[in-house]
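Here is a short briefing for a reader who is meeting this structure for the first time. It starts with the overall picture and then turns to particular parts.

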Amino acid sequence: MGCGFSIVNISSAIFDCSAPDLDSCPDESLPEFAFIGRSNVGKSSLLNMLAGEQGLARVSPTPGFTKLINLFTMNKCWRLVDLPGYGFAQVAREDSARFNQSVNDYLENRPNLCLVFALIESGLAPQEIDLEFVEWLVRHAVPFVFVFTKTDKVSAVMAHTNIAAFTDRISAWFEKPPAVFTCSAATGQGRQELLEVIEDEMTAINTAANRAGVPPESSRNLSLEARGRENRKRRPDLNRPW
Ligand SMILES: Nc1nc2c(ncn2[C@@H]2O[C@H](COP(=O)(O)OP(=O)(O)OP(=O)(O)O)[C@@H](O)[C@H]2O)c(=O)[nH]1
Ligand SMILES: [Mg+2]
């Protein structure tokens, strides 16, 4: 199956490997979409929901469950990447240990990382640790969109209030803020919209490859690297000194 196939229909979802660090990640030939967020926010659950396969990534009510960079290949042509969460209490005693260095390294330096889904719990008022992590993403020009999770656990009004409060806190950091999505791994809410985000990114990659006049299959690495460079150049305009 080629990469021109509609990615909204996931027909194969395969576990690649668990990597302890960036150097242990597999080859850079496929576009990657990664999930990041506080421990227990629902990263692994959302990955399974998008892949349409419960049990693909391991889910647990215990925070800090995912400890490695877990990579999964969809339709043999793009990857979903489940990352360890941040803010897990037992590793949060020291400030320096609150964020995982391997995760930061992956987010900052993986050339085929197309887009990050930054997960925030829709039932909570803005948390300092989430704001701090988003600030890190902005600082490092990591391309991301927001996904507010677990909408089944909260009223629509409360979710809206929390999302508005969060986006209000960060609005001064951007000229154009990242897109905001909501989801529930329990009900499947948001699945179509998030797969469309991935499809749009994949279409952009293929279009760039075609424009370069090289067949998409053989130029995939090249166009992704170019895309990574482009993403890093697209540092949002920030209205405050860092
Ligand atoms: N009600 C509800 N529960 C959810 C949802 N998503 C995840 N959960 C639950 O939240 C808990 C944590 O889910 P995970 O997907 O393991 O969270 P995670 O972000 O991968 O957590 P770490 O790997 O520890 O960083 C589990 O008990 C899930 O069943 C959701 O959309 N709705
Ligand atoms: Mg997890």
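Among the contacts in the protein with a separation of 6 or more, 78% are accounted for by residues 24 or more positions apart, where contact means heavy atoms within 4.5 Å. This is a predicted model, in which local features need pLDDT of at least 70 and side-chain atom pairs count only at pLDDT 80 or more, while totals for chains, interfaces and linings use all residues. Residues are numbered from 1 along each chain as its sequence is written, chains are lettered from A and ligands numbered from 1 in the order in which they are written, and side-chain values use heavy atoms, with hydrogens and water left out.

**Overall make-up**

- The protein has six helices and seven strands, which are DSSP runs numbered from the N terminus (helices are H or I with at least four residues, strands are E with at least two).
- Read from the N terminus, the order of the elements is β-β-α-β-β-α-β-α-β-α-β-α-α.
- Of the protein's 242 residues, 49% count as buried, a term for under 20% relative accessible area, with exposed meaning over 50% and partly exposed in between (1.4 Å probe, protein chains only).

- Ser44 (OG) and Thr66 (OG1) coordinate the magnesium ion (ligand 2) at 2.1 to 2.2 Å; donors are N, O and S atoms within 2.8 Å of the metal (3.2 Å for Na, K and Ca), and water is not among the atoms, so sites may look incomplete.
- Because Ser44 belongs to helix α1 (residues 43–51) and Thr66 to the loop between α1 and β3 (69–74), the pair ties together parts that are 22 residues apart in sequence.
- Ser44 counts as buried at 9% relative accessibility, and Thr66 is buried too, with a relative accessible area of 12%.
- Helix α1 is mostly covered, since eight of its nine residues are buried, including Lys43, Leu46 and Met49.
- Gly52, which follows α1, has a positive phi, near 75 degrees.

**Helices α3 and α4**

- The axes of α3 (residues 128–139) and α4 (residues 156–170) come within 11 Å and cross at roughly 45 degrees, which makes α3 oblique to α4; angles under 35 degrees count as roughly parallel, over 145 as roughly antiparallel, 65 to 115 as roughly perpendicular and the rest as oblique.
- Axes here are lines fitted to C-alpha atoms, for helices over the stretch in contact, and angles run from 0 to 180 degrees between N-to-C directions.
- Glu128, Asp130, Leu131 and Val134 in α3 meet Phe166, Arg169 and Ile170 in α4.
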